[in-house]
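Take a walk through this structure, from the outline of one chain down to single residues. Keep the 3D view open as you read.

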Amino acid sequence: MIRLEKRPTPSRAWTYATPVLAVALTMLAGGLMFAALGKNPFLAIKTIFYDPILGEFAFYYRGQLLVKAGPLILIAVGLAMGFKAGIWNIGAEGQYIMGAIFGAAVGLAFYPAEHWYIFPLMVIAGAIGGLLWAMIPALLKVKFNTNEILVSLLLVYVAEQLLAAMALGALRNPDATGFPGSRNLQQYPAASNPEIWAGTGIHMGVVAALIAVIFAYILLSRHLMGFHIQLAGQSPKAARFGGVNPTALVVFCMGLSGALAGLAGMFEVTGPAGQIAISFNSGYGFTAIIVAFLGRLHPIGILLAGLLMALTYIGGEAAQATLQIPAAAIQAFQGMLLFFLLGVDVLSNYRIRLVKEGVA
Amino acid sequence: MNLDSINWILLLASLMVASTPILLAAIGELVVERAGVLNLGVEGMMITGAICGFAISVETQSATLGFIAAAIAGAAISMLFGLLTQYLLSNQVATGLALTLFGLGFSALIGQGYIGIKGLSAPNIHIPVISDIPIIGPVLFQHDLMVYVSILLIAATWATLKYTRAGLILRAVGENHEAAHALGYKVIRIRLTAIAFGGACAGLGGAYLSIVRVPQWTEGLTAGAGWIALALVVFASWKPWRVLIGAYIFGGLTVLQLNLQAAGFKIPVEYLSMSPYLITILVLVVMSSGRSRAALNAPAELGRSFHASS
């Protein structure tokens with residue numbers, strides 16, 4: 001009979017090994033899924049994980065890698081802070097949308113002026129948009145003890161409707177006749193966020209993601225707030241006796257993750273996406289939850305996890321084009337990864353013992 | 001806008017149909033939470049049930065078989081959550097989210113061949129005599145069978161929780177799993193049963209959307225209904241009949257909102273469409289403020305993993 005024995009402290013070795021194990025298991029299960037779809041599983045896995053980096057057309061895909069990884073990392077770093085402290089902001093998708101709307105609105109208000117300060121103002125507006133949207137669940141949690149999980153998630157649907165209203169109404173391109181959507185910010189130099197080095201996919205959002213990783217690392221390892229976050233997550237009681245202010249912690253974690261998600265949305269709408277449109281959001285806010293867990297809620301881990309997740313996105317696109325593997329299969333694949341990750345986590349917290357039946 | 005263009009009898013009649021999906025999902029989640037488990041994967045289970053139910057009903061031309069398949073599919077996918085949280089002791093919040101994310105992808109994957117296909121039309125049953133009463137007849141007694149099944153399910157859940165030994169054990173597990181374990185009850189097995197029941201109910205709720213209410217398959221069909229069902233359980237303070245009241249109030253508001261859209265109300269459609277979510281948030285705030293009420297009714301072990309130490 002198998003029995004689990006709780007470890008006094010989580011195993012260090014397994015903490016590093018479990019994400020790798022989970023990825024391996026997901027590849028295995030994913031391969032079975034692709035086989036069930038009638039595709040060659042080895043070819044599919046190779047197309048997703050190998051070809052975009054080292055294959056024949058890698059020069060095209062490599063640039064895309066950072067474009068996708070940037071927003072995922074930026075959002076996940078913020079979410080991880082809250083998750084560590086037991087504060088569950090799962091509405092990053094909504095905050096991402098609001099950041100994009102706020103940022104784009106400020107930029108479009110200046111159209112067609114060309115000033116150096118327009119883009120910085122848009123960055124600030126994007127962060128504020130995400131922050132304000134995240135403050136709704138945060139303040140309701142603090143004031144009325146309302147469940148932040150449900151409120152932040154429900155606000156995603158509200159934000160999506162708001163996005164549609166903006167694309168069809170207030171922010172709609174007045175010169176366009178056909179499709180709904182705002183002016184294309186890529187064609188408005190003062191408000192656009194182009195690639196910094198052509199072909200690399202590096203834009204301001206990717207730079208911001210790297211800065212966020214560094215700051216989060218310093219915050220968690222060197223700053224008192226980081227210590228409070230870790231303490232509140234590991235032992236809420238000890239945190240309360242230790243003088244951690246739970247209200248401030250909720251507001252800080254929600255606000256930070258909201259602002260970072262807002263920034264991600266703002267950099268996306270000014271860069272790769274280009275405009276406010278009904279189909280602007282593509283689920284980064286939800287995938288970032290997987291990224292945060294895959295990176296073990298650690299900034300450096302999130303950096304690596306974000307790159308891997310971005311790889312499944314672009315590899316998935318490649319597999320769609322060459323093997324006709326549906327996009328939804330990649331989504332299921334990403335969901336599977338989170339399942340395996342949470343499942344194998346048992347190894348870092350518990351020891352597995354084989355005991356004889358009947359011995360108490 | 002013209003309020004006269006709204007047919008109020010039809011509106012009231014469609015209220016019960018609009019409420020049934022969240023009613024089914026919420027009563028299942030209520031049982032799960034009373035057993036002390038927080039499963040945030042309702043949305044994922046609902047949408048899995050929606051596509052499985054729709055696919056089977058189209059293939060077999062039988063709505064009944066579709067609903068049965070949806071219940072089985074919902075229960076099966078909920079067992080992923082059960083396995084992870086009960087045996088591998090994973091975090092329930094994170095695992096529930098994983099279930100939702102996986103369910104959305106998985107349903108989109110198997111639903112590919114079914115986009116744009118017309119579903120069957122489930123027959124409405126006319127209960128003799130009472131369905132012919134003016135106004136009350138069409139409002140209450142001329143619906144499809146699942147509407148009445150969902151109400152029976154509420155009654156059965158209420159009676160089981162309140163009057164039977166099984167219900168008492170389930171509540172004991174949810175209130176204090178250590179004590180229940182000490183008394184010799186199989187905490188994990190009981191919780192797995194509750195999770196499977198919740199999955200089956202969520203599957204039925206999703207299938208009701210795809211087979212009866214819409215009736216069609218599109219990706220992301222449930223559009224947050226699972227999350228609203230979760231909020232409904234809080235609204236109901238974990239009491240079965242209040243789930244019914246909450247679902248009908250909510251369904252009524254949804255139908256009213258849709259009718260206002262159709263009547264050309266002077267507000268853009270998007271703002272009306274966001275109203276169900278905003279109302280849900282408002283209700284959550286009202287129910288959770290004043291910690292005396294909702295917080296006291298929450299099962300004590302909600303969301304905590306059980307690991308027998310001996």
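Along the principal axes, the C-alpha atoms of chain A fill a box of roughly 80 × 55 × 35 Å.

Next, what is chain A built from? It has 15 helices and two strands. Of its 360 residues, 52% count as buried. Now take the contacts between residues at least 6 apart in sequence. In chain A, 79% of these join residues at least 24 apart.

How confident is the prediction? Chain A averages a pLDDT of 85. A score of at least 70 is reached by 98% of the residues. Within chain A, confidence is lowest in β1(A), with a mean of 77. It is highest in α6(A), at 92.

Now look at one helix, α9 of chain A, which spans residues 224-234. Which of its residues are buried? They are H228(A), I229(A) and A232(A). Viewed down the axis of α9(A), these buried residues fall within an arc of 100°, so they line one face of the helix. The general rule behind such patterns is simple: an α-helix has 3.6 residues a turn, so residues three or four places apart point the same way. What covers the buried residues of α9(A)? The cover includes α4 (58-85), α8 (204-222), α10 (236-241) and α11 (246-270) of chain A.

Move to helix α6 of chain A, residues 118-144, where I136(A) has its place. Is I136(A) buried or exposed? A residue is buried if 20 or more other C-beta atoms lie within 10 Å of its own. I136(A) has 22, so it is buried. Leaving out residues up to four places away in sequence, I136(A) touches V151(A) and L155(A). G255(A) is 119 residues from I136(A) in sequence, yet their C-alpha atoms are 9.7 Å apart in space.

Compare Y217(A), found in helix α8 of chain A. It counts as partly exposed because it has 17 C-beta neighbours inside 10 Å. Y217(A) touches P299(A) and I300(A), again not counting residues up to four places away in sequence. I300(A) is 83 residues from Y217(A) along the chain, and 7.6 Å separates their C-alpha atoms.

Chain A also meets chain B. How many residues take part in the contact? There are 39 from chain A and 41 from chain B. On the side of chain A, the elements that give two or more residues are β1 (2-6), α6, α7 (148-168), α12 (284-294) and α14 (327-344). By class, this side has 28 nonpolar, nine polar and two charged residues.

Finish in chain B, with the backbone. Most residues other than glycine have a negative phi. Q61(B) is not a glycine, yet its phi is positive, about 60°. This residue lies in the loop between α2 (42-60) and α3 (63-87) of chain B. With 10 C-beta neighbours inside 10 Å, Q61(B) counts as exposed. W238(B), another residue other than glycine, has a positive phi near 60°. Its loop runs between α10 (225-235) and α11 (240-262) of chain B. W238(B) is buried, because 22 other C-beta atoms lie within 10 Å.

Conventions:
Residues numbered from 1 in each chain as written. Chains lettered and ligands numbered in written order. Predicted model: local features only at pLDDT ≥ 70, side-chain atom pairs only at ≥ 80, totals over all residues. Helix = DSSP H or I, 4+ residues; strand = E, 2+ residues; numbered from the N terminus. Buried ≥ 20, exposed ≤ 12 C-beta atoms within 10 Å, placed from the backbone. Contact = placed C-beta atoms within 7 Å. Arc of directions from axis to C-beta. Nonpolar A, V, L, I, M, F, W, Y, C, P; charged D, E, K, R; others polar. pLDDT = per-residue confidence, 0-100.
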